[in-house]
Structure formats: C-alpha cells, structure tokens
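This report describes one chain of a structural model and its contact with a partner chain. Please consult the sequence and coordinates shown here while reading.

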Amino acid sequence: MSSVSLFNVTKSFGTADIIKGVDLSIRDGELVVFVGPSGCGKSTLLRMISGLEEITAGEIHLGDKRVDHLPASDRDIAMVFQSYALYPHMTVAENIGFPLKMAGWSKSDMDAKTREIGDVLQLLHLFDRTPKQLSGGQRQRVAIGRALARDPKIILLDEPLSNLDAALRVDMRMELARLHRELGATMIYVTHDQVEAMTMADRIVVLRDGIVEQVGTPLDLYLQPANRFVAGFIGSPKMNFWDARSDENGRVVMPSGLAVAMGDHVAANRSLTVGARPEHLVLCDEDNAALKGTVLAVEHLGSDTFVQLHCGIGDPSQMDVNVRLAGIVRVSIGDQLALTIADQDNWHLFDGDGIRLDPPADRVA
Amino acid sequence: MKASLTKKICIYLGALVLATVIAVPVLWLFIMSISSSTHLTTLPLQWWPDAPTFENYRNLLVFAENSPSASFLYGIRNSIIIAFAATGLSIIAAIPAAYSFSRLPGPRRKNLLYAVIAIFMLPPVAIVLPLYTVMSALGLLNTHFALIIVYCSILLPFTTWLLKSNFDTIPGDLDEAPIIDGANRLQAIWYVILPIARPALGAAVMMAVLLAWDEFFYGLLFTNDIRAKTITVAIADLAAGRVADYGLISAAGILAAVPPVILAFFMQKTLVSGLASGSVKG
C-alpha cells in the first residue's frame, strides 16, 4: 500500500502534447478512477505511473519514494491489462505464480501464495487449465490474481471490464470493490464508462485532452461539476444545457423568458450557460416555467418516466430536452408541458468559458 | 461445408500430382542407388534392377582411407558441425535482433531491417572474391570456422525476418505484462515471448539447417580437402572423377538426406504448426 503523487507530469510524442502538466495526489488505500472520453490521455497517464511509458517532465512519487526514473519492474506495482495479457503457454497457477517466480520465491512459498490467491478469487478448481480453456470472466479473475500475487503497493487497472458482457461486468465490478475493501490496496482504475466510475470510485479524476478537469468524490462531481465538460460527462442521461444571459439585476434569463434571481455571484449582463440534470426538472404551472415544449417521446419504466421534450425557442441544438420524472407520469406524445428546475441548488451556472459560477459558500451541498 | 464430388476429385488429383512430383525423383534416386553400374548403363532401361544391391551404401559407410567413404563420412561430419553451428549462432543472434525490430521504436531501426534484406538479396558471386581474399589473409580457408561465419551471414537475415514477422503477431501487452510482473527485458523474452513463438523458432531452425546443409557455392570455393569439405562438395567430387559412378552418387544423395530428415522427424509437430501459422498470419 502506498500513496501516489504526480507533480506537473507531462508527456509529449514529438510535438504532440498528450499529458499537459498533471498534478495529482492519491491517498493510501484509495480507489481512484481516471475517466474521460477516448483519447483524453487516461491510459497514457496510467502507463506513465506504471513505468511502461516514460514521462517527458515532472515527478512521480510512490509513497515517499520518487520513481519516475525507475523501470516498471522496480516500482512494485501491479497492473491488470484490458486484454488481460495472460501467458497463453502457462497454466492458471503458473500465471498467478509468475511474478513470484521473477521475485525469486521458493517453489513451496510460491505454491502456498498462489493457492491463497486462488482461494480468494475462487480459481482453485481451474489451476491446471490454460487461459484458452477459460471463460472471459475467469480470465479476468486470473489477471487480477496475477496482479495480487506480489502484494503490490499499487494496483493499476486499465479498462479491465470492457471485454466482458454487461451482466458479468456488474458482477466483476462488485467483486473488484469487495477486493479493494478486503485488501486495502491503493487502486487506480481507468475507464471510459462514467457509470463504472461513479459506482466504484472513492474519488474520480476527470480528464480531457491531457488535462485534469476535476478531481472529487462521485457526488462532488455530480452535485458541483467544476465546468461544463464535467457536468456533461458525469450523469446519465446527460445534463441539459441552455445558453442564457443575466439581466441588469443579475437575474438569469432563460430562453423561455423566465428570469430567476440566483444570487450575488451572478454578475449583470453576462452570457451564461445554464445546466440542469434530467432528474431535476419538474412539472410546474405555465407562469413559472423555465422551459415549455411539446413531448416528442415518452418511455415508461415504472420507476421513472423519461420524456424527450421539444422547445421551440433558443439555440436549435438545445431545443430537445431530456427529462426524467419520478414514478409514473401520464403524458403522451404531443402533450404540452411546462417545466422548471426543482431547487436552486440544481441550477448549474457556467460562465462564457464554461467554468462553474460558484454559489455563495453557505449553499454548498 | 459439403464439397461436391468434382471438387473432391480435383483436390485429390492435385494432391496426387504434387506428391508424384516430389516423390518420384527420390524414388528414382533410390532405385539408382541399389542398382549396379552395369545395370544403369544397359539398354533398354529397366524400372527395377534384377539384382538389387546395397553395395553402394556399404562403399560409402564403411570407412577406408582414400576412398569415396572417407570423403563422404568426413563430408557428413563437416556438414553437421557447420550447419548446426551456423544455425545455432544465427538463432542466438536472430532472437534479440528480431525482437528489437519487432518491438522497439525508431525509424533508423526500420531502415536497418531493409538493409538486412537488401544484403540478403546480394548474389553470392558478388561477394565471394573479397570474402575469399579476407579468409585467405586470415588463414581461415579450408576450416569449419570460415564456412560457419559465411553461412551465418546467409542464415541470420533469413531467421531474423522469419522470427520478426512471427513476433509481430504476439500482442504488445504480452511484453509489458512480464515487465510489470518484475521481469527484465531478457526474462520477458525467455519466459514469455520465446515459448509463444516456439513453432516459428522450430521452423526457423529447420529452414536454417536445410539452407546451410544444401549450400554448395561457398563450400566448394572455401574448402579443399576432407578436413572441411561439406557433404554437397563431397558428392560433387564423386561425380568429378574420370568415370562417374551414378549408383554411388545416388546412394550418397539418399544418405545425405538422412540427417535433415531425422531432424524434421523430431521437429515435425512444431514445424507444421509454425509453417501453418506463418502462412495464415502472413
């Protein structure tokens, strides 16, 4: 177990900057998820921590030891690859024991340790098989077993569940979370799936174009996204956005014409973006409506009702609004609905650069 | 899939033609080797000798000074030493070279790879004279060592390319996983890459041995007596006398094929899967 610290870490391939100065501090025993769209540099960052990729500048510390000059094999880390990268010519037992063999363990110690891991991961009955004879989920468990063999300080996981089918993915997600609790190891987990990130992480690091957009707990990111990108990336269905302005009194004027006083932090006469999550839109009467529109589609799930609403005003790309109404709501296609944003805390305001406008401190959730 | 009868017939016919083309010369060689010289020169030709004899084999295998058998047996010995030593050295050098070409980055590395193949394409005649001068100056003519060095220069590009194209098919994660697991680069090659590439390695060894075994040109020029003459040169010598004894030459041909055949027999399984995987993955 160990903490991980990154100080102004950068990576360039020729003139292309892939990672642009990342500062990050991961606490001992934490499960941190790197999430971001493809090409954001999350896997590169993971590989830089592992030592498989050299860094161009900056420092990486594991615990209190600087490691960026050390080869991967000397960093005392383990990694689970997206492809599992099991050794096809070795049995399950040999795969799990390989890191121990490299560390020069005796045969008997090695056997004892691999059996212990096999027991934890329920792999003992498969010990004599080769990877070819295993199912996807079993291979995944062997890959995790191999990573656990040396009791590494840090376990890195590079999209470990992306090759599994949906049901198995949920199971493995639970299993990984359980392992993390039991082992208490520091884990860094890379995924492009924000649901995986939300469900597993102690803290999430959102990356875009080699820059850390926000670091926080899943709920921090959900409740107070630092900028428009994070707001749009975290949450499913996605947050709705509207271009808006503040009037001379600092009130936010929605495309529908509704003006809402948000507080002193909103300056007068600025262009803004208003964001609201689908689940925070509620039905209201015509006069107080932040938006009005015609129902384009309805999905009744019982627990929720998903509505796609078409509003006639505003930017064309922002006219279609996703709404998630709790419970069963009797609406049908063509109905006219008036909606507002449930609570002032659920109005997300972003300035012209997409940076969150923070409400006064007493309203922070 | 159910093949139609016509298709089946065509396939078997094709296989038969191929087998005949390959097998008939060998069969003919064998018939010649068990025929007496008189029988071989009588007209009309007979398909099968009246009195098959293994006299030719005895003449080659029972050692006697200054006889064809001395030349032949030394030739076999020299060929085995030279072919296996050259193959061994080439493979030892080709493994890291192929790995480096396949895995490590850099445009200059790629250029080197094409330089290697360009040199491989050079006809031996083009370099044999300077090579001869060098070998002569170093006092290496008529030694095993000279031929081992020269054969390495032929085998190394060939085995490097063969292994490189096989290493290319092994996913990169399988290099990185052992390194994460605490292995150094050489251990990663030894414990992971080579076992996976075993079929290709087998094929490379086999082809390299055959190439070296069959080589004639350098063998002819760089050796001059039984101390270093290879089997191909020894067989040619059998034909170079006043009267060519075709029966004896045929027997020598059959016997010269035995060591590679034994090798192929033991490596059969690896070899077939190696050649097959190469042909599928290109």
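## Overall architecture of chain B

The model is predicted. Chain B contains 14 helices and zero strands, and its elements in sequence order read α-α-α-α-α-α-α-α-α-α-α-α-α-α. The C-alpha trace of chain B extends over about 70 × 65 × 30 Å along its principal axes.

Chain B has 282 residues, of which 32% are buried. When contacts in chain B between residues at least 6 apart in sequence are considered, 75% of them join residues at least 24 apart.

Helix 5 of chain B covers residues 107-121, 15 residues in total. The distance from its first C-alpha to its last is 22 Å, close to the 21 Å expected at 1.5 Å a residue. Is helix 5 of chain B largely in the open or buried? The number of buried residues among its 15 is zero, so helix 5 of chain B lies largely in the open.

## Packing of helices 1 and 13

Two packed helices are described by the angle between their axes and the distance between the axes. For helix 1 (residues 5-33) and helix 13 (residues 246-256) of chain B, the angle is about 130 degrees and the axes are 7 Å apart. The two helices of chain B are therefore oblique to each other, and helix 1 of chain B passes helix 13 of chain B in a left-handed crossing.

On the side of helix 1 of chain B, the contact is made by B:Leu29, B:Phe30, B:Met32 and B:Ser33. Helix 13 of chain B contributes B:Tyr246, B:Gly247, B:Ser250, B:Ala251, B:Gly253 and B:Ile254.

## Interface with chain A

The contact between the chains takes 15 residues from chain B and 18 residues from chain A. On the side of chain B that touches chain A, helix 8 (173-180) and helix 9 (185-196) of chain B each supply at least two residues. Helix 8 of chain B gives the most to that side, with six residues.

How values were computed
Residues numbered from 1 in each chain as written. Chains lettered and ligands numbered in written order. Predicted model: local features only at pLDDT ≥ 70, side-chain atom pairs only at ≥ 80, totals over all residues. Helix = DSSP H or I, 4+ residues; strand = E, 2+ residues; numbered from the N terminus. Expected span 1.5 Å × (residues − 1). Buried ≥ 20, exposed ≤ 12 C-beta atoms within 10 Å, placed from the backbone. Axes fitted to C-alpha atoms, helices over the stretch in contact; angles between N-to-C directions. Parallel < 35°, antiparallel > 145°, perpendicular 65-115°, else oblique. Left-handed = near helix turned anticlockwise from the far one by under 90°. Contact = placed C-beta atoms within 7 Å.
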